Amino acid sequence: METNNLKNNIRKLRFEKNEMTQQQLADIVGVTRQTIIAIEQGKYAPSLLLAFQIAHAFGAGIEQVFQFTHIAEQKGS
């Protein structure tokens with residue numbers, strides 16, 4: 001069985017960016033605050049375009065904001 005995980009540093013980056021609120025980030029990238037909340041909590045994976053827009057809002061590279069981890073679980077080995 002394979003599981004894919006997308007982690008992010010959005011909360012940390014918001015606070016480093018003059019304590020940017022979730023609403024401010026949402027307004028910058030053109031989504032709802034609820035979308036930002038879901039992404040921060042790892043409940044929603046953003047589209048590639050949205051991921052780049054979020055990174056741009058922080059003046060950061062996409063890999064500074066998002067980290068992809070691939071975990072392979074094998075039963076019986």
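The largest nonpolar core holds 17 residues, and I10, L25, V29, I54, F58, V65 and F66 have the most contacts inside it. A nonpolar core is here a set of buried Ala, Val, Leu, Ile, Met, Phe, Trp, Tyr and Cys residues joined through side-chain atoms within 4.5 Å. Buried stands for under 20% relative accessible area, exposed for over 50%, and partly exposed for values in between, with a 1.4 Å probe and protein chains only. At least two residues of this core come from each of α1 (10-16), α2 (22-29), α3 (33-40) and α4 (48-58). Of the helices, α4 gives the most, with six residues. Helices (H or I, at least four residues) and strands (E, at least two) are DSSP runs, numbered from the N terminus.

The structure is a predicted model, in which local features need pLDDT of at least 70 and side-chain atom pairs count only at pLDDT 80 or more, while totals for chains, interfaces and linings use all residues. Residues are numbered from 1 along each chain as its sequence is written, and side-chain values use heavy atoms, with hydrogens and water left out.

The protein has five helices and two strands, and from the N terminus on its elements run β-α-α-α-α-α-β. Of its 77 residues, 30% count as buried. Contact means heavy atoms within 4.5 Å. Among contacts between residues at least 6 apart in sequence, 60% join residues at least 24 apart.

In α4, the buried residues are L50, A51, I54, A55, A57 and F58. Viewed down the axis of α4, these buried residues fall within an arc of 155 degrees, so they line one face of the helix. The arc is that of the directions from the helix axis to the C-beta atoms. L48, L49 and H56 are exposed on the other side of α4. F58, which is among the core residues with the most contacts, touches I10, L13, R14, K17, M20, L25 and V65, not counting residues up to four places away in sequence. Just after α4, G59 takes a positive phi of about 65 degrees.

Helix α2 has Q22, L25, A26 and V29 as buried residues. Seen down the axis of α2, they fall within an arc of 100 degrees, so these residues also line one face of their helix. D27 and I28 are exposed on the other side of α2. The buried residues of α2 pack against α1, α3 and α4.

The axes of α2 and α4 come within 10 Å and cross at roughly 120 degrees. Axes are lines fitted to C-alpha atoms, for helices over the stretch in contact, and angles run from 0 to 180 degrees between N-to-C directions. The crossing of α2 past α4 is right-handed; a crossing has this hand if the near helix is turned clockwise from the far one by less than a right angle, and is left-handed if anticlockwise. In this pair, L25, I28 and V29 of α2 meet L50, Q53, I54, A57 and F58 of α4. By class, the contact has seven nonpolar, one polar and no charged residues. For this count, Ala, Val, Leu, Ile, Met, Phe, Trp, Tyr, Cys and Pro are nonpolar, Asp, Glu, Lys and Arg are charged, and the others, Gly among them, are polar.

In α3, I36, A38, I39 and E40 are buried. E40 counts as buried because its relative accessibility is 17%. Not counting residues up to four places away in sequence, E40 touches N8, I10, R11, R14 and Q22. After α3 comes G42, whose phi is positive, near 75 degrees.

Most residues other than glycine have a negative phi. N18 has a positive phi, near 55 degrees, and lies in the loop between α1 and α2. E19, found in the loop between α1 and α2, has a positive phi near 55 degrees. N18 is exposed, with a relative accessible area of 75%, and E19 is exposed at 57%.
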